[in-house]
Amino acid sequence: MRQIAASTFRYVFKRATTRDQLKGIVAVQEQCFASSTERSSLATLENLTSHGGIEYHKFIVAAKPSLLEAEQPEVDQETVAAYIMYQLHETEGAHVISIGTAPSHQKQGHARTMMNWCVEHARERGCHQATLRVRASNLPAVSLYRSLGYVPFGATPSYYSSPVEDALELKLTLVPEKVNEPELPIENEISVNAKSYFTYNFNQFLPTMFLR
């Protein structure tokens, strides 16, 4: 299959609800992570359901070819470009389980936007903090999280394998906004203009954000 430039895609943010979408998450993890600590099996994702006061959420950024490209029969109609999985608990807060972007769709602002969505969802749920783990050597990811306001608060020695490495623990203090939680969007399109500013419009649920 021929390569398609990222600029010819339109991106759609939605909850992962189908088996094919979960397979897409697994595929992105296989492209991004060498360590089994950072990858999930399809069975694990299918069994990741809310219980015991903990809500589990799986969202994806689906890449759909533009109308011109979609006319080409050899082009897949939808692929998972990026994903985020996180859990919410009103007492313990939010925790980002995993986030990743396929190499061919990186540098598009997906990770920042998904992280912002997670934070807004956590605030709506009354969470007081958001936490995550990241490889100490993953400087681009650490830089992103720090730019979003996350600060180090600990480390987990030898948390990762292939290679063995410590995990930095980061947290973001939230100011909960007690509001009636709206129904989460099933699908919201992400549009891209000529200057590569990305508009993720979550309608009533998240203010429109412009990201470089």
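Predicted model: local features only at pLDDT ≥ 70, side-chain atom pairs only at ≥ 80, totals over all residues.
Let's start in strand 1, which spans residues 9-15 and holds Lys14. Is Lys14 buried or exposed? Its relative accessibility is 7%, and because the cut-off for buried is under 20%, Lys14 counts as buried. The side chain of Lys14 has a partner there: a polar contact of 2.9 Å joins the side chain to that of Glu78.

Moving on from the strand, you come to Thr18, in the loop between strand 1 and helix 1 (19-32). With a relative accessibility of 35%, Thr18 counts as partly exposed. A polar atom of the Thr18 side chain lies 3.1 Å from the backbone nitrogen of Gln21. Thr18 can also be placed relative to Glu46: the two are 28 residues apart along the chain, and their C-alpha atoms are separated by 9.4 Å.

Next come the aromatic rings. How many aromatic pairs are there? The count comes to 7. One of them joins Phe9 and Tyr11, whose ring centres are 6.3 Å apart; their planes stand at 35°, so this pair is tilted. Both Phe9 and Tyr11 are buried. Tyr159 and Tyr160 form a pair of another kind: the centres are 4.9 Å apart and the planes are at 90°, so the arrangement is edge-to-face. Here Tyr159 is partly exposed, with a relative accessible area of 32%, whereas Tyr160 is buried at 6%. Ring pairs also link Phe13, Phe59, Tyr86 and Trp117 into a cluster.

The largest pocket has a volume of about 1,100 Å³. Its lining is made up of 35 residues, and those nearest the centre are Ile99, Gly100, Asn138, Ala141 and Tyr145. Which element gives the largest share of this lining? That is strand 4, with 7 residues. Strand 4 (93-101) is joined by helix 4 (110-124), strand 5 (129-135), helix 5 (139-147) and strand 6 (151-160), each supplying at least two residues of the lining. By residue type, the lining of the largest pocket divides into 15 nonpolar, 13 polar and 7 charged residues.

Technical notes: Residues numbered from 1 in each chain as written. Heavy atoms only, no water. Helix = DSSP H or I, 4+ residues; strand = E, 2+ residues; numbered from the N terminus. Buried < 20%, exposed > 50% of the residue type's maximum accessible area, 1.4 Å probe, protein only. Polar contact = N/O pair within 3.5 Å; in protein donor to acceptor, adjacent residues only side chain to side chain. Phe/Tyr/Trp six-rings, centres within 6.5 Å; stacked < 30°, edge-to-face > 60°. 1 Å grid on protein atoms, 1.4 Å probe; cavity = no way out; pocket = protein on both sides within 12 Å on 5 of 7 lines; lining within 4 Å. Points joined across faces, edges and corners; volume = space filled by probe spheres on them. Nonpolar A, V, L, I, M, F, W, Y, C, P; charged D, E, K, R; others polar.
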